[in-house]
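User: I am learning to read protein models. Can you take me through some features, one by one?

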Amino acid sequence: MADMTDHQSQNRQSLAPPVGSPFRPRLGDLALDLAKDGRIGVVVDIPGDTASSYHLREPGGGGDWRAPGTGATLRPVAVPVTHVTLRSAEPVLDRRARQVGLAVGVHHEDGHSTDSLMVLLWKEAKDLCQALTRMAAEAAPPVSAELPRTAESAATARMLIREVLTCWDLAHLTEPAALITSELVGNAVTHAEGGVIRLAVKKLDVEGVRITVSDCSHARPLPRTPCPEALTGRGLTLVDAFASAWGTDPEPEGKRVWAEVRA
C-alpha cells in the first residue's frame, strides 16, 4: 500500500481545472451557454481552420447559435454516471487524513469515461473490505461428497480438497488442508460406525476454509499421547498443530468434526 505524499497530492490538484476556467468542449459534447441564459446545446463545430467560434445546436434539431471561441461563456453539462470500475487494486494511503484512495474509472451515460480517485475514510474502507470478503465467500458455494468408510477414502478426500482449493485460488493452503482432511477421514474410518462418511469444505473468506467430516458415531474424538514406538494415534495432534481452530458438533445421527485452515 503506497503513501500519498504531498508531491502526489499537489500533482492531483494541478490536474483539476481552476475555478472559473473556460470550458473547451469537443465535438458532440453538451455545453451550457451562460450568455444565452443557460441554454444547452450540442457542439456541432469547434474553433479551428473553418470557424472562429463554437457552433451549438439544441438537442433534437432545434435552433443553432454561436459562442465565443475562448469558451468563456460555456460550461459542461453533467452527464449521469452509469457505473464505476477499479483502475488499480493498489490503494493510496493518506495517513494524516486517515483516508484511502482508489484509482477508478467513471463511466457516463453518453459513453465516455474519466479517470478519478475514490476517497474513503478508514472506517468506510474497512467496511468495504468486510463486504468484499463476504461476497468472495458467498461466490464459492460449499463442496461436499459422500465417501465409503474405507481406508482408500483418505486419498480420495485429499485429492478432492486439493482440487477445490486450487479452483478457489487457495493453492497455498492445499498441503495443510490435505493433511488435516486425511487425518479426520482416517479417524472416522478407524473409530466411527456405519458404511459412509461425509466430507464437506466451505470457504470462510479470501484466506480461510472449513473442512468437515461427518460420521455415524456419537463418540467425541480426543487427542492422545501415544508412546514413541506407536505407529498410530497422532492424528488429532496433527490436526491441532496445523488447524487454526477445530472442534466437534453433535448431530442427530452422529457427529461432525471440523477444522479451519487459514494462511
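User: Which side chain does Lys-255 meet in a salt bridge?

Analyst: This is a predicted model, so keep that in mind throughout. A salt bridge is a nitrogen of Lys or Arg within 4 Å of a carboxyl oxygen of Asp or Glu, so look for such a pair. Here the side chain of Lys-255 meets that of Asp-215, at 2.9 Å from N to O. Lys-255 sits in strand S15 (residues 254–262) and Asp-215 in strand S13 (residues 208–215), so this pair ties together parts 40 residues apart in sequence.

User: How many salt bridges does the structure hold?

Analyst: The structure holds eleven. One of them joins the side chains of Asp-64 and Arg-57, at 3.0 Å from N to O. Asp-64 has a relative accessible area of 37%, so Asp-64 is partly exposed. Arg-57 has 34%, so Arg-57 is partly exposed too.

User: Which residues are linked in a network of salt bridges?

Analyst: Asp-249, Glu-251 and Arg-256 are linked that way. Take one pair from it. The side chains of Arg-256 and Glu-251 meet at 2.7 Å, N to O. Arg-256 is partly exposed, because its relative accessible area is 28%. Glu-251 is partly exposed as well, at 25%.

User: What about Lys-203, which is buried yet has no salt bridge? How far away is the nearest side chain of opposite charge?

Analyst: Check the distance to a partner. For Lys-203 the nearest side chain of opposite charge is Asp-169, 6.5 Å away. Lys-203 has its place in strand S12 (residues 196–205).

User: Which residues is Lys-203 in contact with, leaving aside its neighbours within four places in sequence?

Analyst: Look past the sequence neighbours. With those within four places left out, Lys-203 is in contact with Ala-136, Ala-137, Ala-140, Trp-168, Leu-170, Gly-208 and Val-209.

User: Where does His-107 lie, and does it count as buried or exposed?

Analyst: His-107 lies in strand S9 (residues 99–108). Its relative accessibility is 18%, so His-107 counts as buried. Leaving aside neighbours within four places in sequence, the contacts of His-107 are Val-81, Thr-82, His-83, Val-84, Thr-85, His-112 and Ser-113.

User: How many disulfides does the structure hold?

Analyst: First, the idea. A disulfide is a covalent bond between the sulfur atoms of two cysteines. This structure holds zero disulfides. Cys-129 has 49% relative accessibility, so Cys-129 counts as partly exposed. Cys-216 has 35%, so Cys-216 counts as partly exposed too.

User: Which helix gives the most to the nonpolar patch?

Analyst: Helix H2 (residues 122–138) does, with three residues. Leu-132 has its place in helix H2. Leu-132 has 47%, so Leu-132 is partly exposed.

Key:
Residues numbered from 1 in each chain as written. Predicted model: local features only at pLDDT ≥ 70, side-chain atom pairs only at ≥ 80, totals over all residues. Heavy atoms only, no water. Helix = DSSP H or I, 4+ residues; strand = E, 2+ residues; numbered from the N terminus. Buried < 20%, exposed > 50% of the residue type's maximum accessible area, 1.4 Å probe, protein only. Disulfide = S-S within 2.5 Å. Lys, Arg positive; Asp, Glu negative; His and termini not counted. Contact = heavy atoms within 4.5 Å.
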